[in-house]
Amino acid sequence: MASEVLDEAYVRLHRWGPEWGGENGLSNHGPMAAEVLSRRGFDDQVGSWLDRYVARLETLPGEDDPITEDNWAEAMGQLRRVGDWIAFFQRAVREAPWTEVLASWWPRLLPAIASGATHGLIRTGHAVRTVLGGDTSPGAVDEIAHALGYWAARAIFVPGLAAPAGDLDAPAALAALPRLPEQSGVIRDRFARLADLPAWTPSLTTLRSPGTPAEVPAALASLVEAGVRQYATHGYGSPVLLVHVATAPNAMGHLLPALPQSLWPSSFAATWAACAAITVAYAPADPRPILTAPASGPGPAPDPADLMARATEHGDEHVIKLTDTALDAYARTADPALLTAATHCADLIDRPR
């Protein structure tokens with residue numbers, strides 16, 4: 001369903017770059033949070049939320065050195081060329097159907113799924129969900145170009161990858177992952193050190209692989225639920241980064257219908273690798289049960305109808321996105337523990353000032 005409010009938000013946000021804060025900056029969550037608020041029925045909150053948020057953003061640089069089919073490989077991972085990348089994909093989605101652009105670039109982008117702490121994937125997933133939901137406005141399609149351009153410009157590659165081929169389900173495979181001996185430094189440095197961890201590559205093979213492409217959506221849903229549950233017990237170790245163990249596979253799940261089924265198995269394997277890398281690099285080894293009452297106060301898990309309103313009031317973009325993901329998982333399982341994990345996120349992350 002098209003939303004004029006969301007379309008206006010996209011147009012407003014596209015003057016800003018996908019990161020802010022320098023070389024090791026933070027991802028611009030504006031388009032993702034605006035999509036969640038609009039889709040969850042909070043169009044009336046989008047404008048005021050953006051008023052507060054855009055003050056931190058940095059202007060998107062213009063195109064300086066055009067990227068082409070002949071020189072794209074040398075430009076991968078060059079954040080300084082983000083303006084070139086976004087302009088490239090803007091032209092691409094105007095000259096061909098966006099689904100064709102997505103499918104043709106998928107084999108090039110998927111190995112860099114960890115780009116921007118998986119925000120290349122997540123932003124693309126939110127944008128695709130908008131368009132597949134019926135909003136084919138220029139701003140919505142342009143958001144796909146911005147997302148793909150960021151993914152390419154911020155490309156990083158996780159070392160030592162191996163395909164899942166074991167017999168563990170998603171919760172067990174996540175729980176069995178090793179940890180970096182020293183969990184310090186920025187994400188690019190942490191991921192580079194995975195190559196020095198002997199148990200890293202073997203641990204990736206322990207997850208049970210979907211038998212057929214048709215089984216991939218359910219496998220991704222299971223990974224989402226495992227990521228939400230892990231946040232409830234391990235989120236204290238890195239309240240922001242560990243959100244993405246749940247939100248990244250959720251974004252991939254919403255993106256799958258736009259891809260040929262032949263690409264689904266590799267998409268699942270890459271998503272699992274990204275979730276595992278974040279867990280190994282940021283999650284503490286020991287779980288810590290939720291000892292304090294969630295933000296909703298003592299008593300049973302919060303009412304799903306109220307949870308997004310509470311996240312919106314909190315205002316942090318990660319709280320909004322994890323709540324959205326937890327609600328998706330709850331809709332499939334009716335497990336109230338998933339909702340409690342979302343309230344725990346609001347407890348761990350400070351309200352924006």
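**Exercise 1. In which loop is the place of Ala117?** Find this residue in the predicted model, then describe its backbone and its surroundings.

*Solution.* 
Step 1. Start with the location: Ala117 sits in the loop between helix H6 (98–109) and H7.
Step 2. Look at the backbone. Ala117 is not a glycine, yet it has a positive phi of about 55°.
Step 3. With a relative accessible area of 11%, Ala117 is buried; the cut-off for buried is under 20%.
Step 4. Now look for a second example. Ala334, also a residue other than glycine, has a positive phi near 60°. Its place is the loop between H16 and helix H17 (336–348).

**Exercise 2. Which residues of helix H3 (residues 43–53) are buried, and what do they pack against?**

*Solution.* 
Step 1. List the buried residues: Val46, Trp49, Leu50 and Tyr53.
Step 2. Recall a rule about helices. An α-helix has 3.6 residues a turn, so residues three or four places apart point the same way.
Step 3. Look down the axis of H3. The buried residues fall within an arc of 100°, so they line one face of the helix.
Step 4. Turn to the other side of H3, where Asp44 and Arg52 are exposed.
Step 5. Find the partners of the buried residues. These residues pack against helix H1 (4–13), strand E1 (19–20), strand E2 (26–27), helix H2 (30–39) and helix H16 (317–333).

**Exercise 3. Describe the largest pocket: what is its volume, and which residues lie nearest its centre?**

*Solution.* 
Step 1. The volume of the largest pocket is about 460 Å³.
Step 2. Its lining is made of 25 residues, and those nearest the centre are Asn24, Gly25, Leu26, Ser27 and Ala117. So here you meet Ala117 from Exercise 1 again.
Step 3. Which elements contribute? E1, E2, helix H10 (187–192) and H16 each give at least two residues to this lining.
Step 4. Sort the lining by class: ten residues are nonpolar, eight polar and seven charged.

**Exercise 4. How many cavities of 30 Å³ or more does a search of the whole structure find, and what lines the largest cavity?**

*Solution.* 
Step 1. The search finds one cavity of that size.
Step 2. The largest cavity has a volume of about 70 Å³.
Step 3. Among the residues lining this cavity are His126, Arg129, Asn250, His254, Lys321 and Asp324.
Step 4. Helix H7 (119–132), helix H13 (244–255) and H16 each provide at least two lining residues.
Step 5. By class, the lining holds two nonpolar, six polar and three charged residues.

Conventions:
Residues numbered from 1 in each chain as written. Predicted model: local features only at pLDDT ≥ 70, side-chain atom pairs only at ≥ 80, totals over all residues. Heavy atoms only, no water. Buried < 20%, exposed > 50% of the residue type's maximum accessible area, 1.4 Å probe, protein only. Helix = DSSP H or I, 4+ residues; strand = E, 2+ residues; numbered from the N terminus. Arc of directions from axis to C-beta. Contact = heavy atoms within 4.5 Å. 1 Å grid on protein atoms, 1.4 Å probe; cavity = no way out; pocket = protein on both sides within 12 Å on 5 of 7 lines; lining within 4 Å. Points joined across faces, edges and corners; volume = space filled by probe spheres on them. Nonpolar A, V, L, I, M, F, W, Y, C, P; charged D, E, K, R; others polar.
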